[in-house]
Amino acid sequence: TLATQERIKLAIESVQLANDIYESVKKRAAAGAISDAEVKRSFAALKQAELTHQAELQNLDSQKVILSLYWAEKQPQFTNLIGELFNFGEIQNIDTLFNDVEKSSLMNVLISQQQLAESKSRMAQTQSNSDLNWTIGLRRIEETNDSALIAGFSMPLFKSKRNSGALIEAQAVIDQSISEQKIALLDLYGQIYKIYALRKLGIARFESLQADIIPALSEALDLTRTAYQDGRYGYFEYVAARQELIQAKKALIDTAENILIYGVEIEQIT
């Protein structure tokens, strides 16, 4: 939504530039320097810029409603969001992020599964060792009209063999859990490295757009405007200069949005 608010500002700037071109074209057409066809093209470009502005406004309204639903509000209770779209914060180095993965909630779940499997294995081992069942009681001897104390024990035959299957199964579960941990770690490492690299590349692109590309295109537009008014450049050169600048500024907003999203993805994983 912050990015959309910035795109609305850019759309307003685009409308203003398109209107400047339209006014310049009308003056040259009135002076007989160009044909009315260029006036029609510049008018159409102005209307397209206005439509883009309206579309971004509608997009903002939709996004504000979606945000309001997170607070169980059907209608937004705010007009604008306050935030720093171009402030990306600091991300830890890649080695620290890898260490954080080993403490993540997903790894805790996998470790708990391993501990549960180990507990079941110990239980099966204990049951295998509990082979003897003791009994004690009285027996009436009718022939002599006497009573006798009877004690004894029973030992199941082949119980260790029967429990060996449970032990093997429990060990297999432990091995599977350990393997899942290793696979999950490798998968998370791969995800973090990819996102970390994309974020780093995005920051480099943002800095280049902000420091080099956009200032150069802004200057080029000023020079092209002057050249057009002097009759040295045509309509298409003027429009192209405007469009290149608008596209670069839009790329700046899109890149900033992606950088913030990459940061959120890294936080979710770690």
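**Entry 1: the cavity**

I looked up the largest cavity in this predicted model and found a volume of about 30 Å³. A cavity is a set of points, on a 1 Å grid over the protein atoms alone, where a 1.4 Å probe fits but cannot get out. Grid points are joined across faces, edges and corners, and the volume is the space filled by probe spheres set on the points. Which residues line the largest cavity? I noted Ala-18, Ile-21, Ser-42, Ala-45, Val-239 and Arg-242; lining residues have an atom within 4 Å of a point. The elements giving two or more residues to this lining are α1, α2 and α6; helices are DSSP runs (H or I, at least four residues), numbered from the N terminus.

I recorded that local features need pLDDT of at least 70, that side-chain atom pairs count only at pLDDT 80 or more, and that totals for chains, interfaces and linings use all residues. Residues are numbered from 1 along each chain as its sequence is written, and side-chain values use heavy atoms, with hydrogens and water left out.

**Entry 2: the nonpolar cores**

I followed Ile-21 from the cavity lining into the largest nonpolar core, where Ile-21 is among the residues with the most contacts. This core has 33 residues; a nonpolar core is a set of buried Ala, Val, Leu, Ile, Met, Phe, Trp, Tyr and Cys residues joined through side-chain atoms within 4.5 Å. Buried means under 20% relative accessible area, exposed over 50%, and partly exposed in between (1.4 Å probe, protein chains only). Helices α1 (2-30), α2 (36-69), α5 (159-229) and α6 (235-269) each give two or more residues to this core, and α6 gives the most, with twelve.

Leaving aside neighbours within four places in sequence, I found Ile-21 in contact (heavy atoms within 4.5 Å) with Ser-42, Tyr-235, Tyr-238, Val-239 and Arg-242. A second, separate core of nine residues includes Leu-97 and Leu-188.

**Entry 3: salt bridges**

How many salt bridges does a search of the whole structure find? I counted nine, a salt bridge being a side-chain nitrogen of Lys or Arg within 4 Å of a carboxyl oxygen of Asp or Glu. Lys-250 and Asp-254 form one of 2.9 Å, N to O. These two are separated by about one helical turn because they are four residues apart in α6. Lys-250 is partly exposed at 33%, and Asp-254 is partly exposed at 22%. Shared partners join Arg-7, Lys-250, Asp-254 and Glu-257 into one network.

Notes: 1 Å grid on protein atoms, 1.4 Å probe; cavity = no way out; pocket = protein on both sides within 12 Å on 5 of 7 lines; lining within 4 Å.
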